[in-house]
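I opened the model to look up a few things and write them down. The entries follow in the order in which I made them.

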Amino acid sequence: MSEYKIPEKGIDKALLLEQLKTYGSDDKDWKNGKVWSLVYHLDDEHSDFMKTVYTSYFSENGLNPVAFKSLKRFEHETVRMTLNMLHGGPKSVGNMTSGGTGSITIAIKCYRDYFLSKRKLIQGVYKFIQPEMILPASAHPAFRKAAQYFGVKVVEAPLDKNFRVDVKAVKRLINLNTMLIVGSAPCYPYGVIDPIEDLGRLAKKKNIPLHVDACVGGFILPFVEALGYPIPAFDFRVDGVTSMSADIHKYGYAAKGASLILYRSMDIMKHQFFIDESWCGGIYISPSLQGTKPGGAIASAWAALKAIGREGYMTNAKLLMELTQSMVDGINAIDGLEVMGHPEVCLIGFRSSDKRKVNIFVIGDLMEKKGWHIDRQQNPNSLHISLNPTHEFATEEYLKDLKDCVAYAKAHPELKNEGDAAMYGMVAKIPLRGMIKKELMSLMEEMYGPEGKMPDNETQEEKNDIVSKLAKTYIEWAEKLESIFSK
Ligand SMILES: *Cc1c(COP(=O)(O)O)cnc(C)c1O
């Protein structure tokens, strides 16, 4: 049994505020520009304003738009402003959700039911006919999560050499059960935009809906485009695009808990609505996943767009594009590293250009020793950065450290057998991904179990233990298979 109990008497608030700080002392210090994901920060003044806005609607609940017309108004105006920016047209519609995952999840449910509504006959045998969606290999995991939740089959389309989805492959994967095609603008791992116009033409021709995931790009691409950068059409201007997701809590700089799901028309969107006309508690209606909806998040989304304005977003986009350019050039200038594809906005994936000389995860380990927070990617192995205004004065130091780390790694080839590099190296060699899943499942059971194991406190050794156990099992399996086949 855990020793945690709600205190008998309330604790002094000053003391609790102190404890809040203590609990946070282990957190990543993102303000120093050493963290390259998770936090989207414009500046302190804007954050303070967002806090004021958030608290002014702290208690209000977007669940009931009749009771809180204010929130309905904020939501409606936020949806309209964004649809305007993304060229949605007069019939376009949408609603706010809690985040990118919320937007994507409800869209998948919506398309599944839209698909089934068009094929009334097969509704009865739905168990046997599984709707399918075609997903670029680089699409966000939220799509796979939603597919798992809602019984949709994922069909993965490979990427081309520039890390965009291969449209010819998408075309080949279409069949009678295809309920949706997905493209990203841009994808998170590499910052490149899938060929939305080609996907749009294909979707239109085959009469299949097309969702563009602009969760990370929705509130930056339009401004980058307005600055004159060559951005291929990615929004509702492309005929075949039927819906888009866009997170205001990323480059829109709203408080966390704010995203939008947007549709070309109500024909499709209506399939996401839920109505319980018979509940004892009264008739209940709900447009998306959330019941209770935090008023603060809705108000902050509206206020962010209004306070920053097109001019503010463009100034910020200009800075981020300049930082992106210097990072891309800087990384490509380091012998042994290469940027993957051509990032259209401020998200960059980079890898080793000569695997014999440079192991990219060794670079990750060395950079972490220098105090940088490193995001590692796989399939193919690479590192990731997404840029924020907090990085304005960090990029130069990052590039210098990166260069030093590459030189050091070249001189110390043995490093690939140590630390995270060794672990990732081994993981990559395990062909049975199900085994990794099983181990991670037990790790999650521990994390969310009664002891609430802290992932951060997990020592390097423990982590490596998991992997060596995996590798051992793998070797046992390989030996078993070998003995079977040699008979
Ligand atoms: C962040 C992101 C998501 C998921 O958004 P959350 O707000 O983290 O749920 C989906 N797609 C892309 C491309 C993203 O970058």
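With which residues is T324 in contact, leaving aside its neighbours within four places in sequence? I found V345, C346, I348 and L387, where contact means heavy atoms within 4.5 Å.

Before going on I noted the ground rules. This is a predicted model, so I kept in mind that local features need pLDDT of at least 70 and that side-chain atom pairs count only at pLDDT 80 or more, while totals for chains, interfaces and linings use all residues. Residues are numbered from 1 along each chain as its sequence is written, and side-chain values use heavy atoms, with hydrogens and water left out.

**Entry: T324.** I placed T324 in helix α11; helices (H or I, at least four residues) and strands (E, at least two) are DSSP runs, numbered from the N terminus. T324 counts as buried because its relative accessibility is 4%. The classes are buried under 20% relative accessible area, exposed over 50% and partly exposed in between, with a 1.4 Å probe and protein chains only. A polar atom of the T324 side chain lies 2.6 Å from the backbone oxygen of L320.

**Entry: whole chain.** I counted 16 helices and 13 strands in the secondary structure of the chain. The radius of gyration is 24 Å, close to the 23 Å from the globule rule for 487 residues, so the chain is as compact as a globular protein of that length. That radius is taken over C-alpha atoms, and the rule is 2.2 Å times the number of residues to the power 0.38. The C-alpha trace spans about 65 × 65 × 60 Å along its principal axes. Of the 487 residues, 48% count as buried. I also looked at contacts between residues at least 6 apart in sequence: 70% of them join residues at least 24 apart.

**Entry: α13.** I checked the length of helix α13 (residues 395-411) first. Its 17 residues should span 24 Å at 1.5 Å a residue, and the end C-alpha atoms are 24 Å apart, which agrees. The expected span is 1.5 Å times one less than the number of residues. Which residues of α13 are buried? They are T395, Y398, L399, D401, L402, C405, V406 and A409. These cover an arc of only 165 degrees around the axis, so they sit on the same side of α13; the arc is that of the directions from the helix axis to the C-beta atoms. An α-helix has 3.6 residues a turn, so residues three or four places apart point the same way. E396, K400, K403 and A411 are exposed on the other side of α13. The cover over its buried residues includes α11 (295-332), β10 (337-339), β11 (347-352), α12 (360-369) and β13 (382-386).

**Entry: α3.** I repeated the exercise on helix α3 (residues 69-85). The buried residues of α3 are L71, F74, E75, T78, V79, T82, L83 and M85. They lie on the same side of α3, because their arc around the axis is only 160 degrees. The face turned away from that buried side carries the exposed residues K69, R73 and N84. Among the elements covering the buried residues are β1 (93-97), α9, β7 (259-263) and α11. After α3 comes H87, with a positive phi near 60 degrees.

**Entry: P222.** P222 is in helix α9 (residues 221-226) and is buried, with a relative accessible area of 10%. Not counting residues up to four places away in sequence, P222 touches M85, L86, G217 and F234. M85 is also on my list of buried residues in α3. P222 and M314 are 92 residues apart along the chain, and their C-alpha atoms are separated by 8.9 Å.

**Entry: two loop residues.** S37 is in the loop between α1 (13-24) and α2 (44-56), and is buried at a relative accessible area of 6%. The S37 side chain makes a polar contact with the side chain of D375 (3.0 Å). A polar contact is a pair of N or O atoms within 3.5 Å; within protein, one must be able to donate a hydrogen and the other to accept it, and residues adjacent in sequence count only if both atoms are side-chain atoms. N177 lies in the loop between α7 (167-173) and β4 (178-184) and counts as partly exposed at 23% relative accessibility.
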